[in-house]
Amino acid sequence: MRWVLPFQSPRSAPTMTAPDRDGAPATSASSALIELCDVSRIYRLDGLVVTALTGVSLTVRAAEFVVVLGPSGSGKTTLLNLIGGLDVASGGEIRVSGEAITGASRGRLADYRRRTTSFVFQTFNLFPGLTALENVEFGADAAGRKDASAIARQRLAEVGLTDRINHFPHQLSGGEQQRVAIARALATGNPILLADEPTGELDFKTGIQILELLRAQAADGRAVLVVTHNREIARAADRVVELSSGRIVSDGAPAGGRTDVADLHW
Ligand SMILES: Nc1ncnc2c1ncn2[C@@H]1O[C@H](COP(=O)(O)OP(=O)(O)OP(=O)(O)O)[C@@H](O)[C@H]1O
Ligand SMILES: [Mg+2]
C-alpha cells in the first residue's frame, strides 16, 4: 500500500512505500521518512530559558529501528513529541515523507497524528475510565481502522494480556499498564512508532517480548524510535542516537553491530 499523508495530494505522493496497515512488508525502505534539520525547542518559563533541543539534524528511514539514549533531561521526550506532532519546534524544520510538519496548521497536525504516528508515552496516559480493551480500541478507532475490537484483542494478546482485557488501568500493575499502552500504539497500524521508555516497568522476560514486537514493527516497514536508558537495548537497534544537553552527540550503528534481541541480557 502506498502511504499518502493526509495533507498530500496523491500526485505529490512520496516515492517510498509505507507498511500495509495489516503488516505487509514494505517494498522500499531506502528513502528518508523522517527528516529533522537544525531543530530546536526552547522553553521559556517565568523568565527561565530552557534549551531542551538545539541544532538537531536527523534522518530516519522506513523500516529503521532507532534507539535514542541520553541522561535525564537531555531532550529525548522533547524529540519524540516534536516528531509525533505533539509539540512545535522553536526553530528548524521537520519533514515527514517530504512534507513539512513544522508550520502545519493544528488541523493538519491532528490529521498527521491520527494517520501517521503512534505513541507509547513515558507515563502511559491510559484513559482511567476505559478498560484495557477500550483503551486499545481507541488507538485503532482514532487511526480510522475498521474492526477496532478485533485488532485490539489481537494486540492485547500479543502483549500477553488476553486475561486482563476488561480490567481498568487502576486494576492493572505498572507493567501491565505499560503493555496496554504499547498495544494501543500498535493498534493504530501507523507508519511511525514512537515509544518513550516502553520497557521501563517490565521484567527482563516481558521486556524482551516487547522488544521483539517493536523490532517486528520495523521489519514490517515502520520507522520505530525507542527512547531508553538501557544501553543493552541499544545493542538491538539498527542505529543509536545519543543526546546530551539537547544535542545529538553520536549517531550510528551500535558498537560491534546489531545484536539479536534473544541475545540481550540485563
Ligand atoms: N514544558 C516544559 N517547560 C519547560 N521546560 C521543559 C518542559 N518540558 C521539558 N522541559 C525541560 O526540557 C529538558 C528536556 O526534557 P525532556 O523531557 O525532553 O528530557 P528527557 O531526556 O526525556 O528526560 P527523562 O529521561 O527524565 O525523561 C529538561 O531540562 C526539562 O526540564
Ligand atoms: Mg523523557
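Residues are numbered from 1 along each chain as its sequence is written, and chains are lettered from A and ligands numbered from 1 in the order in which they are written. Because the model is predicted, local features need pLDDT of at least 70 and side-chain atom pairs count only at pLDDT 80 or more, while totals for chains, interfaces and linings use all residues.

**Ligand 1.** Select ligand 1 and the 13 residues around it; Y43, A52, S72, T77 and T78 come nearest (a residue is near if its C-beta atom, placed from the backbone, lies within 6 Å). Helix α1 (76–83) gives the most to this shell, with three residues. Helices (H or I, at least four residues) and strands (E, at least two) are DSSP runs, numbered from the N terminus.

**The core.** Next, select V66, V67, V68, A183, V224 and L225, which have the most contacts inside the largest nonpolar core, a set of 70 residues. Such a core joins buried Ala, Val, Leu, Ile, Met, Phe, Trp, Tyr and Cys residues through C-beta atoms within 7 Å; buried means that 20 or more other C-beta atoms lie within 10 Å of a residue's own, with C-beta atoms placed from the backbone. Now colour helix α5 (residues 174–188), which gives the most to this core, with seven residues.

**Helix α6.** Finally, move to residues 204–219. Pick out G207, I210, L211, L214, Q217 and A218, the buried residues of α6. Seen down the axis, they fall within an arc of 110 degrees (taken from the directions from the helix axis to the C-beta atoms), so they line one face of the helix.

How values were computed. A residue is buried if 20 or more other C-beta atoms lie within 10 Å of its own, exposed if 12 or fewer, and partly exposed in between; C-beta atoms are placed from the backbone. The expected span of a helix is 1.5 Å times one less than its number of residues.
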